[in-house]
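Subject: Structure for your review

Dear colleague,

Please find below the structure I wish to hand over to you. My notes on its sheets, cores and pockets follow.

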Amino acid sequence: RLAVEKAKAANMPADTIKRNIDKATGNLEGVHYEEIRYEGYGVGGVALMVDTMTDNKVRTVAEVRHALSKHGGNLGSDGSVAYQFKHCGQFIFAPGADEDRLMEVALEAGADDVINSEDGAIEVLCPPSMFEPVKIALESAQLLAVLAEITYRPEITVALAAAEAEKMQKILDVLDELDDVQEVYHNAEL
């Protein structure tokens, strides 16, 4: 449901949405797709998790490995960085949101935490299973998030110097350009 909402928000045509749903659910004849997560490191010890969906895992692992090694990263083994991320629902509200009301509604609906950032934005975290109830409660209270998604949030972030940040951004850009890559999670402060 969340993927369809994101696609519609990006003005993706309905037939493209349907084709991608068929691709993901295996409803296309003669084609078998599988989801694979690759873990590794970028520059400066930044942890990376790359979620892919592919019909050819040999090609995909080669592309991901090449993208990382060409720009100063490397592919790790399963579980090498996953422990550094928390699977959760995440809602981000713009600076100026009513913090008290937000905290009251979110915690009552099943959220785990409400975090204030230095720039004034407010982040609400919840278990993935509570994403939909928390989202409905927030929307019912007229509290609209700038970003609402189920994600892997880094437990600890890594600060990078300007040169390293540029290299890390290049790795992220190259990974995003790969057709099989669905999502890239990292713990870099860019």
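Two strands are taken to pair if DSSP finds at least two bridges between them. Strands (E, at least two residues) and helices (H or I, at least four) are DSSP runs, numbered from the N terminus.

This is a predicted model, in which local features need pLDDT of at least 70 and side-chain atom pairs count only at pLDDT 80 or more, while totals for chains, interfaces and linings use all residues. Residues are numbered from 1 along each chain as its sequence is written, and side-chain values use heavy atoms, with hydrogens and water left out.

Sheets and strands

An open sheet of four strands has the order β3-β1-β2-β9, and its pairing is antiparallel. β3 (74-75) and β9 are the edge strands with a single partner each, so one side of each has no neighbour in the sheet. Between β1 and β2 there are eight bridges in the antiparallel sense; Tyr38 has Val50 in β2 as its bridge partner.

Strand β6 (residues 122-126) has five of its five residues buried, so it is largely enclosed by the rest of the structure. Buried here means under 20% relative accessible area, exposed over 50%, and partly exposed in between (1.4 Å probe, protein chains only). In a regular strand the side chains alternate between the two faces of the sheet. In β6, Ile122, Val124 and Cys126 point one way, and Glu123 and Leu125 point the other way. β4 runs antiparallel to β6 and is joined to it by five bridges, with Gly89 opposite Cys126. β5 (residues 113-116) also pairs with β6 in the antiparallel sense, over four bridges, and Val114 stands opposite Val124. The hairpin of β5 and β6 has five residues between the strands, and Gly120 takes a positive phi near 95° there.

Nonpolar cores

A nonpolar core is a set of buried Ala, Val, Leu, Ile, Met, Phe, Trp, Tyr and Cys residues joined through side-chain atoms within 4.5 Å. The largest one has 22 residues, and Met168 and Leu175 have the most contacts inside it. Two or more residues each come from β1 (34-41), β2 (47-54), α3 (57-70), α6 (162-177) and β9 (181-186). The largest share, six residues, is that of α6. Leaving aside residues up to four places away in sequence, Leu175 touches Val50, Val64, Ala67, Leu68, Val181 and Val184, where contact means heavy atoms within 4.5 Å. A second, separate core has 16 residues, including Phe93, Ala109, Val124 and Cys126.

Pockets

On a 1 Å grid over the protein atoms alone, a pocket is an open set of points where a 1.4 Å probe fits, with protein on both sides within 12 Å along at least five of seven lines; lining residues have an atom within 4 Å of a point. Grid points are joined across faces, edges and corners, and a volume is the space filled by probe spheres set on the points.

The largest pocket has a volume of about 1,700 Å³. Its lining comprises 49 residues, of which Lys6, Glu149, Gln182, Glu183 and Tyr185 lie nearest the centre. By class, 24 are nonpolar, ten polar and 15 charged; Ala, Val, Leu, Ile, Met, Phe, Trp, Tyr, Cys and Pro count as nonpolar, Asp, Glu, Lys and Arg as charged, and the others, Gly among them, as polar.

The second largest pocket holds about 240 Å³. Of its 15 lining residues, Lys135, Glu139, Ala145, Leu147 and Ala148 are the closest to its centre. The largest share of this lining, four residues, comes from α1.

With kind regards
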